[in-house]
Amino acid sequence: MTAALLGAAAAGVVAGLAVAVPVGAVGALIVLIGARNGFRVAVAGGLGTATVDGCYALLAVLGGTGIAAVASSASGVLRTVAGVVLLVLAGAMAWSGWRARSSAPEGRRRTDVFGSPARAYRGLVAVTAVNPATILAFTAVVVGGTGPAGASSPAPPPVDAASASAAFVLGVLVGSAAWQTLLAATGALLGGVLAGPRGRMWTAFIGAAVTAGLAVRTMTGWP
């Protein structure tokens, strides 16, 4: 039974990495947050993304093809809502960068939409949650046999479905969180090069552009 649970958890880690590793706009945003606000804030944002990945993995395990069908049928509305939310967030980021261009550090933190760990966590939860491709990706992984049902070989003793699913979702959280932490650390290392009001202003503008790009991609359904 232990071997079966470890197999399900390992499958979850692989699934979490498979969805998280392709560096898209969310990953780039975490790097930029690290460069602008440091590792502690960026890793909080990364954990927000990992939280949503885990929740979507759970939905995919519980709902399977039914969740995929619902998400596909409502994809047009979801893309529009997601795009609007992301555009608003991009505008807030650009405004915070403009206002903070000559502010003291404390003033920059107050005007930065990702200026604290709590804000970064909430912001990345929102950015990741409104991306319908995430739940479709996890559903494809689960239905395709990489999920908990396909994780156990015939050799180990049988394990109940609830335990295997829990191990799989935990593995997804670990895999996604590990990758997001690496991105946060990368951004924090770049932060020394971008120190000062001008560097922080431009990282805010670049982050706004990245978020706006994600909004356009979400609304248009570009791959």
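Is Ser-176 buried or exposed? Ser-176 is buried, because its relative accessible area is 0% and buried means under 20%. Welcome to this predicted model. The briefing below begins with Ser-176, which sits in helix H9, then turns to Gly-16 in helix H1, and ends with the two helices that pack against helix H2, namely H7 and H9.

**Ser-176 and its surroundings**

- You will find Ser-176 in helix H9, a helix that covers residues 161–191.
- Leaving aside residues up to four places away in sequence, Ser-176 touches Gly-16, Ala-20, Thr-49, Ala-50 and Asp-53.

- Gly-16 belongs to helix H1, which spans residues 2–20.
- Gly-16 counts as buried because its relative accessibility is 0%, and the cut-off for buried is under 20%.
- Gly-16 and Gly-54 lie 38 residues apart along the chain, and their C-alpha atoms are separated by 8.1 Å.

**Helix H2 against helix H7**

- Helix H2 runs over residues 25–37 and helix H7 over residues 117–129; their axes come within 11 Å and cross at roughly 165°.
- That angle makes H2 roughly antiparallel to H7, because angles over 145 degrees fall into that class.
- The crossing of H2 past H7 is right-handed.
- On the H2 side, the residues that meet H7 are Val-26, Leu-29, Ile-30 and Ile-33; on the H7 side, their partners are Leu-124, Val-127 and Thr-128.
- Sorted by class, this contact of H2 with H7 holds 6 nonpolar residues, 1 polar residue and no charged ones.

**Helix H2 against helix H9**

- H2 also packs with H9, the helix that carries Ser-176; here the axes are 6 Å apart and the angle is about 40°.
- H2 and H9 are therefore oblique to each other.
- As H2 passes H9, the crossing is right-handed.
- H2 brings Gly-27, Ile-30, Val-31, Gly-34 and Ala-35 to the contact, while H9 brings Gln-180, Leu-183, Ala-184, Gly-187, Ala-188, Leu-190 and Gly-191.
- The residues of this contact of H2 with H9 divide into 7 nonpolar, 5 polar and no charged.

**A residue to look for**

Technical notes. Residues numbered from 1 in each chain as written. Predicted model: local features only at pLDDT ≥ 70, side-chain atom pairs only at ≥ 80, totals over all residues. Heavy atoms only, no water. Axes fitted to C-alpha atoms, helices over the stretch in contact; angles between N-to-C directions. Helix = DSSP H or I, 4+ residues; strand = E, 2+ residues; numbered from the N terminus. Parallel < 35°, antiparallel > 145°, perpendicular 65-115°, else oblique. Left-handed = near helix turned anticlockwise from the far one by under 90°. Contact = heavy atoms within 4.5 Å. Nonpolar A, V, L, I, M, F, W, Y, C, P; charged D, E, K, R; others polar. Buried < 20%, exposed > 50% of the residue type's maximum accessible area, 1.4 Å probe, protein only.
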